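User: I would like to learn how to read strands, helices and chain contacts in a model. Please take me through one.

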Amino acid sequence: MGDKTSKAFAKLDTKKYAGKCVGLVDGKITLTSKNPDEVFKKLNKVKNKEIAIICVPSTKNILAI
Amino acid sequence: MLDFSNKKPIIFSYKSSVVKTRLSKETIWRPVITVKVGKSKIGLSALIDTGSDKTISFMKPFGNWLGIDTDDFEGEPDELNGLFSSGPAWPKHTDLWIGDYRFNVPIFWLTKPFDIESDYQMVIGRKVIFDNFDIVFRQKEKKVYFYPNR
């Protein structure tokens with residue numbers, strides 16, 4: 001995905017956003033929330049731009065095998 | 001003999017997490033990539049799981065965001081038992097982009113709600129995706145390479 005989202009995701013420090021959803025518009029972080037639907041409701045209004053909602057599992061409960 | 005010299009891969013970096021167990025805390029790196037899904041092409045993150053046959057996500061909220069309705073489900077549900085997700089899930093063919101490559105993938109939609117504390121938004125399994133890419137995991141480099149093979 002040679003696009004804005006994938007470039008932003010490559011740089012995203014996921015540890016910093018553990019347990020949150022990050023809303024990206026054209027690769028820029030516009031909001032974060034623990035509630036994915038809250039992020040979606042705001043970003044769903046954005047037209048003609050690249051939208052991504054990246055949810056990062058919590059550091060506490062993520063499975064280690 | 002594999003020869004990737006004439007192929008241009010899509011490259012993703014592994015993403016890190018801190019895992020706390022009862023006795024220790026360590027940083028782990030996993031092949032988590034971004035994909036675009038559905039007609040609206042919303043970007044989501046997805047764990048690449050070579051041990052999973054199927055691609056899996058959650059109806060609530062992601063399927064709902066994409067406008068997928070339970071009436072759209074194809075056939076009977078499967079009971080999934082995986083390390084990263086489990087429970088009943090219904091298949092629905094859904095468009096999924098990796099880079100500029102589009103695939104119509106049977107995504108198995110779990111009906112249990114997504115838990116941000118413990119779930120990945122999507123788990124990409126072998127069916128369709130692994131048929132269309134030769135995927136190379138470079139653990140030391142913390143990168144995963146998707147070589148298109150069509």
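Analyst: Start with pairing: two strands pair if DSSP finds at least two bridges between them. Keep in mind that this is a predicted model. Strand β8 (residues 86–98) of chain B and β9(B) pair in the antiparallel sense over 10 bridges.

User: Which residue of β9(B) is the bridge partner of B:Lys92?

Analyst: B:Lys92 has B:Ile107 as its bridge partner. B:Ile107 is also the bridge partner of B:Thr55.

User: How many residues lie between the strands in the hairpin of β8(B) and β9(B)?

Analyst: The hairpin has two residues between the strands, and B:Gly99 takes a positive phi near 60° there.

User: What is the order of strands in the open sheet of three strands in chain B?

Analyst: The order is β1-β12-β11, with antiparallel pairing. β1 (10–13) and β11 (133–138) of chain B are at the edges with a single partner strand each, so one side of each has no neighbour in the sheet. From one strand to the next, the twist averages 15°. β11(B) pairs with strand β12 (residues 143–148) of chain B over six bridges, and one of the bridge pairs is B:Arg138 with B:Lys143.

User: Now a helix. Which residues of α2 in chain A are buried?

Analyst: A residue is buried if 20 or more other C-beta atoms lie within 10 Å of its own. In helix α2 (residues 36–43) of chain A, the buried residues include A:Pro36, A:Val39 and A:Phe40. They are on the same side of α2(A) because they cover an arc of only 100° around the axis. Their cover includes β1 (21–25), β2 (28–33) and β3 (51–55) of chain A, along with α1 (59–65) of chain B.

User: How many residues of chain A are in contact with chain B?

Analyst: 31 residues of chain A are in contact with 28 residues of chain B. On the side of chain A that touches chain B, β3(A) gives the most, with five residues. The residues of that side divide into 18 nonpolar, eight polar and five charged.

User: Which residues touch the most other members of the largest nonpolar core?

Analyst: Of its 50 residues, these are A:Ile53, A:Ile54, B:Ala46 and B:Trp109. Beyond its neighbours within four places in sequence, A:Ile53 has contacts that include A:Pro36, A:Val39 and A:Phe40, as well as B:Ile42 and B:Leu44.

How values were computed
Residues are numbered from 1 along each chain as its sequence is written. Chains are lettered from A and ligands numbered from 1 in the order in which they are written. This is a predicted model: local features need pLDDT of at least 70, side-chain atom pairs count only at pLDDT 80 or more; totals for chains, interfaces and linings use all residues. A residue is buried if 20 or more other C-beta atoms lie within 10 Å of its own, exposed if 12 or fewer, and partly exposed in between; C-beta atoms are placed from the backbone. Helices (H or I, at least four residues) and strands (E, at least two) are DSSP runs, numbered from the N terminus. The arc is that of the directions from the helix axis to the C-beta atoms. Two residues are in contact if their C-beta atoms, placed from the backbone, lie within 7 Å. Axes are lines fitted to C-alpha atoms, for helices over the stretch in contact, and angles run from 0 to 180 degrees between N-to-C directions. Ala, Val, Leu, Ile, Met, Phe, Trp, Tyr, Cys and Pro count as nonpolar, Asp, Glu, Lys and Arg as charged, and the others, Gly among them, as polar. A nonpolar core is a set of buried Ala, Val, Leu, Ile, Met, Phe, Trp, Tyr and Cys residues joined through C-beta atoms within 7 Å.
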